[in-house]
Amino acid sequence: MQLEYFRMIDRVVSVDAETIVAEAVVPEASPVFEGHFPGHPLVPGVLLLETMAQAAGYLLLARLGFARMAFLIGSRELKLRRFVRPGERLSVTARLVHEGSGYAVADAAITGADNRICEVREMKFSLQDFPAPALAEAMRAQAARIGLGA
Amino acid sequence: MASAFDRVADIIAETSDVPRETIRPESHVIEDLGIDSLDFLDIVFAIDKDFGIKVPVETWTQEVNSGAAPASRYFVMENLAKRIEELVAAKSGG
């Protein structure tokens with residue numbers, strides 16, 4: 001993970017039409033930890049949500065053949081069960097719940113070595129044409145970096 | 001089985017802050033009920049699940065934006081219910 005660059009996913013472990021499993025390793029040091037929190041570094045909950053959203057986003061990108069972008073527009077329920085500290089290895093799973101016309105819905109969760117860390121129900125994504133060619137190119141490059149074929 | 005209109009009206013009331021009794025056949029979902037695009041997607045998701053269909057919102061929006069169809073064809077409650085009935089019938093081969 002490169003928290004300050006919002007690169008949350010390090011590697012895709014497996015992916016099929018409806019489920020993705022990915023890995024993310026929390027860095028030992030990051031400017032994020034200087035503020036969150038001094039003397040008690042924790043991955044912010046919003047970045048755990050972002051990590052789950054990115055896993056679901058990559059699932060949708062693969063599903064859509066990288067023809068459209070998935071933008072997070074909402075979620076039903078988020079549970080943050082425990083703190084996540086520097087150096088932790090995370091397993092991120094996202095599962096497609098529904099693909100509608102111009103939108104998709106996914107559930108996702110993060111687990112640690114042997115226990116649940118957090119989960120989110122019914123993340124909703126707006127599926128849109130890429131607003132800029134540079135973004136499409138960047139998403140393909142990011143996908144290739146984490147082992148997701150574009 | 002409740003009518004498509006009643007089921008959609010129930011979904012809108014449960015999904016948004018719109019009181020059920022204010023939702024009438026002639027109500028325009030956006031102009032009269034004040035549903036915005038984000039709430040409308042929640043409603044469409046609930047309709048997709050409840051009716052087992054895929055409401056073609058993108059196609060409808062393109063038709064309205066291009067002038068090919070009036071917004072009332074899709075966004076006035078009684079017409080929305082008809083469109084959903086048509087989608088259900090098409091899916092079941094009827």
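**Exercise 1. Describe the fold of chain A, beginning with the order of its elements.**

Solution. Along the sequence, the elements of chain A are arranged as β-β-α-α-β-β-β-β-β-α. Here helices (H or I, at least four residues) and strands (E, at least two) are DSSP runs, numbered from the N terminus. Counting by type gives three helices and seven strands. The radius of gyration of chain A is 15 Å, close to the 15 Å that the globule rule gives for 150 residues, so chain A is as compact as a globular protein of that length. This radius is taken over C-alpha atoms, and the rule is 2.2 Å times the number of residues to the power 0.38. Along the principal axes, the C-alpha atoms of chain A fill a box of roughly 45 × 30 × 25 Å.

The model is predicted: local features need pLDDT of at least 70 and side-chain atom pairs count only at pLDDT 80 or more, while totals for chains, interfaces and linings use all residues. Residues are numbered from 1 along each chain as its sequence is written, and chains are lettered from A and ligands numbered from 1 in the order in which they are written.

**Exercise 2. Examine helix α2 of chain A and its surroundings.**

Solution. Step one concerns length: α2(A) covers residues 45–63, has 19 residues and reaches 27 Å from its first C-alpha to its last, close to the 27 Å expected at 1.5 Å a residue. The expected span is 1.5 Å times one less than the number of residues.

Step two concerns burial. A residue is buried if 20 or more other C-beta atoms lie within 10 Å of its own, exposed if 12 or fewer, and partly exposed in between, with C-beta atoms placed from the backbone. Because 14 of the 19 residues of α2(A) are buried, the helix is largely enclosed by the rest of the structure. For chain A, 32% of the 150 residues count as buried.

Step three concerns the core. A nonpolar core is a set of buried Ala, Val, Leu, Ile, Met, Phe, Trp, Tyr and Cys residues joined through C-beta atoms within 7 Å. The largest such core has 59 residues, and those that touch the most other members include A:Met52, A:Ala55 and A:Ala56. The largest share of this core, ten residues, comes from α2(A). Not counting residues up to four places away in sequence, A:Ala55 touches A:Ile9, A:Ile20, A:Ala22, A:Val92, A:Ala94 and A:Ala108. In soluble globular proteins, nonpolar side chains tend to be buried together.

**Exercise 3. Identify backbone features of chain A, starting with the bond from A:His36 to A:Phe37.**

Solution. The bond between A:His36 and A:Phe37 is cis, with omega near -5°. A:Phe37 belongs to the loop between α1 (31–35) and α2 of chain A. Most residues other than glycine have a negative phi, and most peptide bonds are trans.

Next, consider phi. After α2(A) comes A:Gly65, with a positive phi near 65°. A:Phe66 is not a glycine, yet its phi is positive, near 60°. A:Phe66 sits in the loop between α2 and β3 of chain A, and counts as partly exposed because it has 18 C-beta neighbours inside 10 Å. A:Glu122, likewise no glycine, has a positive phi of about 55°. A:Glu122 lies in strand β7 (residues 116–129) and is partly exposed, with 16 other C-beta atoms within 10 Å.

**Exercise 4. Describe chain B and its contact with chain A.**

Solution. Chain B has five helices and zero strands. With 94 residues, a compact globule would have a radius of gyration near 12 Å, and the 12 Å of chain B agrees. Of the 94 residues, 26% count as buried. The unreviewed UniProt entry lists residues 2–88 of chain B as "domain: Carrier"; such annotations may be inferred rather than shown by experiment, positions follow the numbering used here, and feature names are shortened. Over residues 2–88 the chain is 61% helix and 0% strand.

Finally, turn to the interface. Two residues are in contact if their C-beta atoms, placed from the backbone, lie within 7 Å. The contact takes nine residues from chain A and eleven residues from chain B. On the side of chain A, the elements giving two or more residues are β3 (68–74) and β6 (103–111). The residues of this side divide into three nonpolar, five polar and one charged. Ala, Val, Leu, Ile, Met, Phe, Trp, Tyr, Cys and Pro count as nonpolar, Asp, Glu, Lys and Arg as charged, and the others, Gly among them, as polar.
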